[in-house]
Amino acid sequence: MNIRLIAADMDGTLLDSRKQLPEGLFPLVRALHERGVRFAPASGRQFYTLYEQFGEIADELMYISENGAMICDGSECVGFSAMPREVVLDAIERVRTLPGVYMVISARSGAFYEKNSSAEAVRNFNMYCARCTEVPDLAEFASREPICKVALFCAGRAEQVLMPAFAGFAGRAQLALSGTDWVDLMRTGVSKGGALEELCGTLGITTADCMAFGDYLNDIELLRTAGESYAMANAHEQLAALAKYRCPSNDEDGVCRTIRAVFDL
């Protein structure tokens with residue numbers, strides 16, 4: 001095993017239940033870097049949120065953000081997968097017919113939501129998007145700006161409400177169930193696994209040289225792609241079934257403990 005890149009999902013994986021990073025993560029990432037191993041958060045979160053979260057080590061990391069739709073090496077964007085404009089506009093119109101459903105869309109410059117969004121939805125948008133701006137009309141904005149992801153929000157009802165409501169988009173967009181509240185739409189074929197392959201190309205390595213950690217269904221392609229795949233003890237049963245290994249939960253510092261054991265750090 002010659003691991004050169006480690007990718008870890010954020011919520012439910014690297015972050016604990018309080019949404020905190022592990023205390024010893026920064027020194028661990030630097031120790032890995034000294035051995036020629038890069039570390040990449042792999043998240044549905046916005047790039048700017050991730051970059052801000054990692055503070056003093058932010059420029060040392062690679063980033064799989066927006067569920068693979070935006071890829072960065074440090075502060076440099078090295079991949080942006082814009083969705084077909086008509087799919088974005090159709091999604092906006094669909095949301096407007098669904099009570100209790102709201103959306104935030106991601107452009108290269110940040111995230112944007114419509115002014116009639118609920119207070120709960122806006123709180124959630126701001127939790128995951130460091131750059132988040134209200135606009136009068138999402139359709140007008142999306143008509144002039146390339147969009148890489150449409151994030152749909154329905155509190156506690158993503159699987160029951162959002163997935164059936166947007167099932168008809170399956171042939172036109174990539175659908176990812178990203179949590180109990182969220183479903184993401186991206187360009188067809190976009191995933192964390194595809195982004196991992198792109199980063200491997202940037203580094204001149206193969207996916208066999210990658211280790212990946214995840215807990216939820218939007219991590220399926222990530223774990224399928226990496227040579228060494230780990231499902232958290234708290235992972236969704238479908239993800240756990242396809243992972244090569246299990247590791248301790250996010251509240252037991254499972255990612256860092258596993259890395260230290262594998263690399264004898």
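**A residue and its surroundings**

Tutor: Not counting residues up to four places away in sequence, T225 touches G193, L196, E197 and T207; contact means heavy atoms within 4.5 Å. This is a predicted model, in which local features need pLDDT of at least 70 and side-chain atom pairs count only at pLDDT 80 or more, while totals for chains, interfaces and linings use all residues. Residues are numbered from 1 along each chain as its sequence is written, and side-chain values use heavy atoms, with hydrogens and water left out.

Student: Which helix does T225 lie in?

Tutor: T225 lies in helix α9, residues 220–225. Helices (H or I, at least four residues) and strands (E, at least two) are DSSP runs, numbered from the N terminus.

Student: And is T225 buried or exposed?

Tutor: T225 counts as buried because its relative accessibility is 15%. Buried means under 20% relative accessible area, exposed over 50%, and partly exposed in between, with a 1.4 Å probe and protein chains only.

Student: Changing topic, how many helices and strands are there in the protein?

Tutor: The protein has eleven helices and 14 strands. Its radius of gyration is 18 Å, close to the 18 Å that the globule rule gives for 265 residues, so the protein is as compact as a globular protein of that length. The radius is taken over C-alpha atoms, and the rule is 2.2 Å times the number of residues to the power 0.38.

Student: What share of the residues count as buried?

Tutor: Of the 265 residues, 56% count as buried. Residues 24 or more positions apart account for 59% of the contacts with a separation of 6 or more.

Student: Which residues touch the most other members of the largest nonpolar core?

Tutor: That core has 55 residues, and L5, M103, I105, V150, L152, F166 and L185 touch the most other members. A nonpolar core is a set of buried Ala, Val, Leu, Ile, Met, Phe, Trp, Tyr and Cys residues joined through side-chain atoms within 4.5 Å. Helix α4 (residues 85–95) gives the largest share of this core, five residues. Apart from it lies another core, of 38 residues, among them F47, F213, C256 and I259.

Student: What is L152 in contact with?

Tutor: Leaving aside neighbours within four places in sequence, the contacts of L152 include V95, Y102, M103, L162 and F166. Among the others are W182, V183 and L185.

Student: Which residues of helix α7 are buried?

Tutor: In α7 (residues 158–165), the buried residues are A158, L162 and A165. Seen down the axis of α7, they fall within an arc of 100°, so they line one face of the helix; the arc is that of the directions from the helix axis to the C-beta atoms. Their cover includes α4, β9 (149–153), β10 (174–177) and β11 (182–186).

Student: How many aromatic pairs does the structure hold?

Tutor: The structure holds 15 aromatic pairs. The ring centres of F47 and Y51 are 5.6 Å apart with planes at 50°, so this pair is tilted. Rings of Phe, Tyr and Trp (its six-membered ring) pair if their centres lie within 6.5 Å; planes under 30 degrees apart count as stacked, over 60 as edge-to-face and the rest as tilted.

Student: Why are F47 and Y51 separated by about one helical turn?

Tutor: They are four residues apart in helix α3 (residues 47–53), so about one helical turn separates them. F47 counts as buried at 4% relative accessibility, whereas Y51 counts as partly exposed at 26%.
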